Amino acid sequence: MRYAAIDVGSNAVRLLIAEIIENNGSISFKKNTLIRVPVRLGDDAFLAKNLSERKTDDLVKSMVAFRNLMDVYRVTDYMACGTSAMREAQNGAEVVQKIKDAANIDLQIVHGEAEAKIIYASHAEINIDKTKNYLYIDVGGGSTELSLFSNGELVASQSFNLGTIRILDNQDRDETWNEMKDFIREHTRTYKNIYGIGTGGNINKLYRLSQEKDGVPMSYVKLRALYNYLNSFSLKDRINVLGLNHDRADVIIPACEIYLTVLKCANIKTIYVPTVGMVDGIIQTLIEKNNSTVS
């Protein structure tokens, strides 16, 4: 069996096709194909509150390509989720219909809390001591999802309209930053030691740049040093000298700023970076849905 996950984000759209593996009653998955297209819907959604004809066309073409790949791979089930940019685009429902007509893909626009739930369904903490306290931090183009766990139980979860594209477009608001800080202080003050778990493309890239060994958490100090280092380069040099992709070189700076703010506010000294994100959570959600249907 193969499942597919589609994440229509504010910076990029992604398709993950995964092989579903059954072994002695437990079900897991192995990534087969992962494709990322930097459509950057957030530029339209956060500034104009509408997706332009050009962005819509790019998105529809991407979805048609995804549908063709899903058919070739004989995918048995899929789930497609639109996040922050799709939530804010006033013509979001119209775009969803165009995708349905052209690609026969049902795109669901999910609210922030549902997005957070899907992200932590990715089982990012699978190899981590469940008796400890963790703050999941997922930074996207349009929103940041925070989920606090203690002893394996979800304590609090919230989505904030604060993301990399929003910051680049000067669409982030002081009230949102303060709201996020208030949430962190309110929910973390009763816990002594909290560890961070970072998910999303930017923290994965930062982790690779830090050259930490797999599974070893990255320190707040190292992340701050990395931020200062990257910030010392111009955008052009981050692309030409450091070799970052065009659509990563600009967003990585505001992503760093969000992660550093969250870690400092929660007094977190180290952050684990499992290489998972929204698409992994979608596959896991499909496994749980289909498994409960069978049983």
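What percentage of the 295 residues of the protein count as buried? In this predicted model, 53% of the 295 residues are buried, where buried means under 20% relative accessible area, exposed over 50% and partly exposed in between, with a 1.4 Å probe and protein chains only. Residues are numbered from 1 along each chain as its sequence is written, and side-chain values use heavy atoms, with hydrogens and water left out. Local features need pLDDT of at least 70 and side-chain atom pairs count only at pLDDT 80 or more, whereas totals for chains, interfaces and linings use all residues.

The protein contains 13 helices and eleven strands; these are DSSP runs numbered from the N terminus, helices being H or I of at least four residues and strands E of at least two. The radius of gyration is 19 Å, close to the 19 Å given by the globule rule for 295 residues, so the protein is as compact as a globular protein of that length. This radius is taken over C-alpha atoms, and the rule is 2.2 Å times the number of residues to the power 0.38. The C-alpha trace spans about 50 × 50 × 35 Å along its principal axes. Of the contacts (heavy atoms within 4.5 Å) with a separation of 6 or more, 68% are accounted for by residues 24 or more positions apart.

Six strands form an open sheet with mixed pairing, in the order β8-β7-β6-β9-β11-β10; two strands pair if DSSP finds at least two bridges between them. At the edges stand β8 (153–160) and β10 (218–219), each with a single partner strand, so one side of each is left without a neighbour in the sheet. Within this sheet, β6 (residues 133–139) and β7 (residues 144–150) run antiparallel and are joined by seven bridges. Y136 has S147 in β7 as its bridge partner.

Another antiparallel pair consists of β2 (residues 13–23) and β3 (residues 26–37), joined by eleven bridges. R14 is partnered by R36 in β3. The two strands β2 and β3 form a hairpin with two residues between them, and N24 in the turn has a positive phi of about 50 degrees.

Helix α12 (residues 252–265) lies across β6, β7, β9 (194–199) and β11 (270–272), running at about 160 degrees to β6. Axes are lines fitted to C-alpha atoms, for helices over the stretch in contact, and angles run from 0 to 180 degrees between N-to-C directions. The axis of α8 (residues 201–210) comes within 10 Å of that of α12, and the two cross at roughly 90 degrees. Helix α8 is therefore roughly perpendicular to α12, a term for angles of 65 to 115 degrees. On α8 the contact is made by N202, I203, K205, L206 and L209, and on α12 by I252, A255, C256 and Y259. By class, these comprise seven nonpolar, one polar and one charged residues; Ala, Val, Leu, Ile, Met, Phe, Trp, Tyr, Cys and Pro count as nonpolar, Asp, Glu, Lys and Arg as charged, and the others, Gly among them, as polar.

Two individual residues were also examined. M70, in helix α2 (residues 53–72), counts as buried at 1% relative accessibility. Not counting residues up to four places away in sequence, M70 touches A4, I6, L15, I17, V75, Y78 and I105. E88 is found in helix α3 (residues 84–88). Leaving aside neighbours within four places in sequence, E88 is in contact with A45, F46, K49, N161 and R166. The C-alpha atoms of E88 and I109, 21 residues apart along the chain, are separated by 9.9 Å.

Key
Angles under 35 degrees count as roughly parallel, over 145 as roughly antiparallel, 65 to 115 as roughly perpendicular and the rest as oblique.
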